[in-house]
Amino acid sequence: MLDVIVAGAGPAGSYASYRLASMGYSVLNLEEHREIGRPVECTGVVTSRVFGYVKSSAVANRVRGANVFFPGNREMHIEKSEETTVIYRDSFDRDVSAMAISAGADVRLDSRITEVKVAGDSVHIKYRHEGNLLEAASSMIVGADGANSVVRKSLYGSRPSRIVSTYQVDSAVRLPDQESVNVYLGSESSHGFFAWAVPTGDITRIGLGTIGPGARDLFSRLQKRFPEGRILSVTGGPIPIAYLSRTSGPRSLLVGDAAGIVKPLTGGGIYTGIVSAHHAASAINEAFQNQNFSANFLSRYERYWKSQLGRELWMDGIVQRVFAGLSDSSLSRIYSMLSSPDVVHMINSLGDIDYPSRLVIRMLIRHPAILMNFFRNRVVAGSADA
Ligand SMILES: Cc1cc2nc3c(=O)[nH]c(=O)nc-3n(C[C@H](O)[C@H](O)[C@H](O)COP(=O)(O)OP(=O)(O)OC[C@H]3O[C@@H](n4cnc5c(N)ncnc54)[C@H](O)[C@@H]3O)c2cc1C
């Protein structure tokens, strides 16, 4: 019997496989696609923290700032001293998978998991490989199989309560400012989220996220901003932006998108997925050392990942819900407050796309009028879990 089956070879699954195999465990990492990293469903914006975990040179561009467009085409520029990296996501995923393979993980492509059961002392799965239905058994399973996780559906029966729908294209258009991403706010671009244009030389990644349906229709409007752009490829997919109330169970853990461990304000999940995978491997190692695979023992995983990300994701989740309820006129009022030189200075010095709550808290303390504006709007309340 195997030690661990890891479902999915995205960044979270490959990183969990890498760490577990490095610790000496037998790891079977199953990926439904025939190629690691494809199809690409990502813009690829990450901070340097990611490269503390993964050695990768899949760099498409480096940016330093953002041009933020408010309703009425009012624009605000943010400039950071540190660079943010735009990666080639397919190459990046292959780099993480190569780390797992070098460490000894058995990575199998074209292997779609269809059934997962925990029975007695083991986990039993069925998976389709080259048309055949195969079986495998292990002591533990890690669900790293993304937003529509089969492991989650089979063993947890819940799903993240807040999902962003996306639509993104690679467009043959060159942005004049190659050092900044464009961010578009307001109902023209999105319902409750935002749109973006990220420069990578002669190709720009243009897309949007929206709460609920309608991403394709909203994109038609966004596209008018780039009349000369020719579409080279289209992608998109769901981003879960609320983590589950339970991400561990008997003989199983959920990581990354499968658990909804994603930054609610930006929809970024590469860093958070890798961090959760790191902590999942630590918890599994301790479970083997203690020969205890109970839900109670494995709940330490929740403590571990929440100690690094929990407060941030919780805070950002609240801010995201408030932001999602803002009307265009409120966004315009907020623009007037944010564009004052001292606030711009604060954003430039404290802004951090992995941990934005530090900036939000400081800004609200210094400028409580922004908070008043938020609460003039309808706040959509709800639990973090369905
Ligand atoms: C349009 C868009 C833009 C984004 N932009 C960014 C960004 O700029 N920065 C950022 O940090 N994040 C971004 N994200 C989010 C990011 O892509 C995800 O959070 C990240 O990929 C999560 O990694 P993961 O390993 O948890 O899941 P995934 O990357 O989704 O990997 C899951 C893997 O599991 C496989 N799988 C699924 N089901 C099965 C099964 N039954 N059996 C076997 N294998 C299976 C899938 O094929 C996939 O390879 C974006 C997402 C979208 C949709």
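Trainee: What makes β8 and β9 a hairpin, and what phi does Glu130 have in the turn?

Mentor: β8 and β9 form a hairpin with two residues between them. Glu130 sits in that turn, with a positive phi of about 50 degrees. This is a predicted model: local features need pLDDT of at least 70, side-chain atom pairs count only at pLDDT 80 or more, and totals for chains, interfaces and linings use all residues. Residues are numbered from 1 along each chain as its sequence is written, and side-chain values use heavy atoms, with hydrogens and water left out.

Trainee: Why are β8 and β9 called a pair?

Mentor: Strands (DSSP runs of E, at least two residues, numbered from the N terminus) pair if DSSP finds at least two bridges between them. Seven bridges join β8 (residues 122–129) to β9, so the two strands pair. They run antiparallel. Ile125 stands opposite Ala136 in β9.

Trainee: Which strand runs parallel to β1, and over how many bridges?

Mentor: β9 (residues 132–143) does, with five bridges to β1 (residues 2–7). Leu2 has Ser138 of β9 as its bridge partner. β9 also runs parallel to β17 (residues 252–254), joined by three bridges. There, Gly143 is partnered by Leu254.

Trainee: How do you know that β10 pairs with β13?

Mentor: Count the bridges. β10 and β13 (residues 203–211) have eight, in the antiparallel sense. The pairing rule asks for at least two, so the pair qualifies. Ser165 stands opposite Thr210 of β13.

Trainee: In what sense does β10 pair with β14?

Mentor: Antiparallel, over four bridges to β14 (residues 231–235). Val169 has Val234 in β14 as its bridge partner. β10 (residues 163–171) also pairs with β15 (residues 238–240), again antiparallel, over three bridges. Ser165 has Pro238 as its partner in β15.

Trainee: Which residues come nearest the ligand?

Mentor: Glu31, His33, Val45, Arg89 and Asp257, out of 31 residues around the ligand. A residue is near if one of its heavy atoms lies within 4 Å.

Trainee: Which elements give two or more residues to the shell around the ligand?

Mentor: α1 (11–22) and β7 (111–119). The largest share, three residues, comes from β7. The shell holds eleven nonpolar, 13 polar and seven charged residues.

Trainee: Which domains each supply at least three residues to that shell?

Mentor: Domain 1 (2–38 + 90–158 + 248–316) and domain 2 (45–89 + 162–240). The bounds come from an automatic or database assignment, which also gives domain 3 (321–375).

Trainee: How do you know that domain 1 and domain 2 are in contact?

Mentor: Contact means heavy atoms within 4.5 Å. On that basis, 24 residues of domain 1 are in contact with 18 residues of domain 2. The centres of these two domains, taken over C-alpha atoms, are 28 Å apart.

Definitions and conventions. Nonpolar A, V, L, I, M, F, W, Y, C, P; charged D, E, K, R; others polar.
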